[in-house]
Structures are given as structure tokens and as C-alpha cells.
Amino acid sequence: MDVSFLGGPGPQRGVGVVAPFDFALDRELWRWTPDDVSLHVTRTPYVPVEVSLDLARVISEHETLRDAVSTLTEVTPEVVAYACTSGSFVGGVMGEHAMCEAMSRAGSVPAVTTSGALLEALVELDVRRLALVTPYTVSVTRVLEEYVAQAGVTVTGCAYMSLTRQIWKVTYREVVDMARRAAVRGRLGAADALFLSCTNLPTYDVIPQLEAELRIPVISANQVTMWAALRRLGTRAVGPYQALIDTSARSGTGTVIGTGTGTGSALPAAGPVVPTGSVLPEGQEPPDVRGVHGVSDAQGVPGAQGVSGVPDEKQQEGWT
């Protein structure tokens, strides 16, 4: 059959993505990408360093980022994005700015990072009070809290997982359970939004569900990364019923949870925020998720030391 009349594929615009060596959710990034945009993904080199804040710093060194961006220049992306949350908040707000500058100089195009995109999304949604869910250890989670505090955002509640490997295997059910706990109204009041941190944490399909239940915008690491990168192209990410992407979805959010007001149903009984140093009564750990689960209400994340013999930091294979 003669198909010459089709004229070939339509023109594509490119987004270059630099991801950590263990990034496993390429497909999730594509789900936010419109049909006329291609993602060109490269990874940082593997480094045999125990996962910690030190590894976040090593994998985000400017030389590493410049080398990664240089591998993308031949396909001429119009913007480059560093898809790593902890790697881009570990140096604080100023460190994130420096990363963007290094990447932009290497590729001669605009650059964004996941953590920079997070702050951009908080401004877009006028968020001053934020609930957090992270798969990280305690020390990494604390640095994320400090990062958003530098931007003038108050953390009202935080649930963390202390995972040691393969974060991409976390189930949607676990993400939802942690989100419910983090968003419970604590002594600092209700959150304006909820952030699901880590680009290796699957989130795409749970965002509309959580927004409908919690009545606040829910944003995630991969979502804000793609939203900010595509914004640089003058186009929009795709994501039905997600407040950040679909402005019509914002009208149903913003009701304070747990107060008995508004049209949204009350949260399922998840109990109060657990005091510092406590562990959620989760019972047996689910498959592929090991470590301590914790919740705090702002004044820092509870430590996990001395609980079931699990140390604060362990070697971790799945991280971002």
C-alpha cells in the first residue's frame, strides 16, 4: 500500500531528561507528555556509595550533570530537566539554582530540576502550608522540610517510609495510605496542598483520587518536573483531573479536611498524627517495603533509631 500521502511523522519537540542511575519510571514521565513532544532520557553513572545525603550530593555534582546534558545535545532538546528530588534539594535553594545554571550552560537551553519545579508549582497553586510524603530515611526527609522552609512554606505534617531499596515497587495503596496520614489536620492546622516526593515513587494514577478525597491539590515529583519542563516549551502537560495541570480541577479543592465543612467526605479513620519518635501501627510490613514508617507534625521528622532494630540509615538501592 502506498503511504507516501501521509507525509511522514509530524514534527517533534524535545525535552532532555537527566535521571539518576536507578530511575525506573520512564513510562510515568511519558504519561504527562503530549503527543508532539519526545523525551530523551539519559542517566547519571552508577556510583557504589551508600544511599544517604552524601550520595545525593555525589550524584548531583555539577560535572556529573554537565556530562549528562552533553550526551543529549545531538538530539537538540529545547529544555533539559534533572528528574531527581533529593539530588536537587540537598544543596538548598541556592544549590538548586546553581544546578540549573550548570545544566543550562552545558546544553545552551533552559534547565529545570524537580525541586525547583516543586517551588514553582507551590507558587502557581498559592500554597503556603504543605503536607509531605517521602519514601526517604529520616535525615533526607528533614532536608526536604528545610528546603521548602527556605521558600517560606510551612510543613504541616510529614509521613515518611524509610525505604532502603526499590522505591519504584511501592504500591499505589501504600502511597494513598501515607498521604492520608500526612494530610491529617494537626496542631499546625490544615495543609493547602500535599507533595508526594521522589521521582522513583509511582503517583500518576492516585493524584485525582487523593485530590477528590483530601479536597486539596496533590502534586508529585514526576508531575511537577514534566509540568515545569513543558511550560518552558509553551505547552502543557497532560493529566486529567489534576489541579496543577487542569485549572478546572482546582474548583473542587481547598476544603479543610477533618473539620466537617465543605462538600467532600471526611477522611477514613487514620488516627491522629503520631507523636515524635512513634511508629504507625501498620503491623507487618508489605512485600518489597522494609523499614520504619513515621509521621510528624512539622517540628522535624521523628527518628527511627531503636525501633524494631532498624537504624536510621541503611544501604538503599531505589532512591531519588
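## A salt-bridge network

Let's start with Arg231, which is partly exposed, with a relative accessible area of 37%. In this predicted model, Arg231 forms a salt bridge with Glu120, and their closest N and O atoms are 2.9 Å apart. The two partners sit in distant parts of the chain: Arg231 belongs to helix α10 (residues 221–232) and Glu120 to helix α6 (residues 114–124), 111 residues apart.

Glu120 also pairs with Arg232, with the closest N and O atoms 3.0 Å apart. This pair again links helix α6 to helix α10, across 112 residues. Arg232 counts as partly exposed, at 36% relative accessibility.

Next comes Glu124, which forms a salt bridge with Arg250 at 3.2 Å between the closest N and O atoms. Glu124 lies in helix α6 and Arg250 in the loop between α10 and β9, so this pair ties together parts that are 126 residues apart in sequence. Through shared partners, salt bridges join Glu120, Glu124, Arg231, Arg232 and Arg250 into one network. The whole structure has 11 salt bridges.

## Two packed helices

Now look at helix α3 (residues 62–70) and helix α5 (residues 92–107), which pack at an angle of about 35° with their axes 8 Å apart. Their crossing is right-handed. From α3, the contact uses His62, Leu65, Arg66 and Val69; the α5 residues include Ala98, Met99 and Ala102. By type, the contact residues divide into seven nonpolar, two polar and one charged.

## The cysteines

How many disulfides does the structure hold? The count is zero. For Cys84, the nearest cysteine sulfur is that of Cys198, 7.7 Å away. Cys84 is buried, with a relative accessible area of 0%, and Cys100 is buried at 14%.

Conventions:
Residues numbered from 1 in each chain as written. Predicted model: local features only at pLDDT ≥ 70, side-chain atom pairs only at ≥ 80, totals over all residues. Heavy atoms only, no water. Axes fitted to C-alpha atoms, helices over the stretch in contact; angles between N-to-C directions. Helix = DSSP H or I, 4+ residues; strand = E, 2+ residues; numbered from the N terminus. Left-handed = near helix turned anticlockwise from the far one by under 90°. Contact = heavy atoms within 4.5 Å. Nonpolar A, V, L, I, M, F, W, Y, C, P; charged D, E, K, R; others polar. Disulfide = S-S within 2.5 Å. Buried < 20%, exposed > 50% of the residue type's maximum accessible area, 1.4 Å probe, protein only. Salt bridge = Lys/Arg side-chain N within 4 Å of Asp/Glu carboxyl O.
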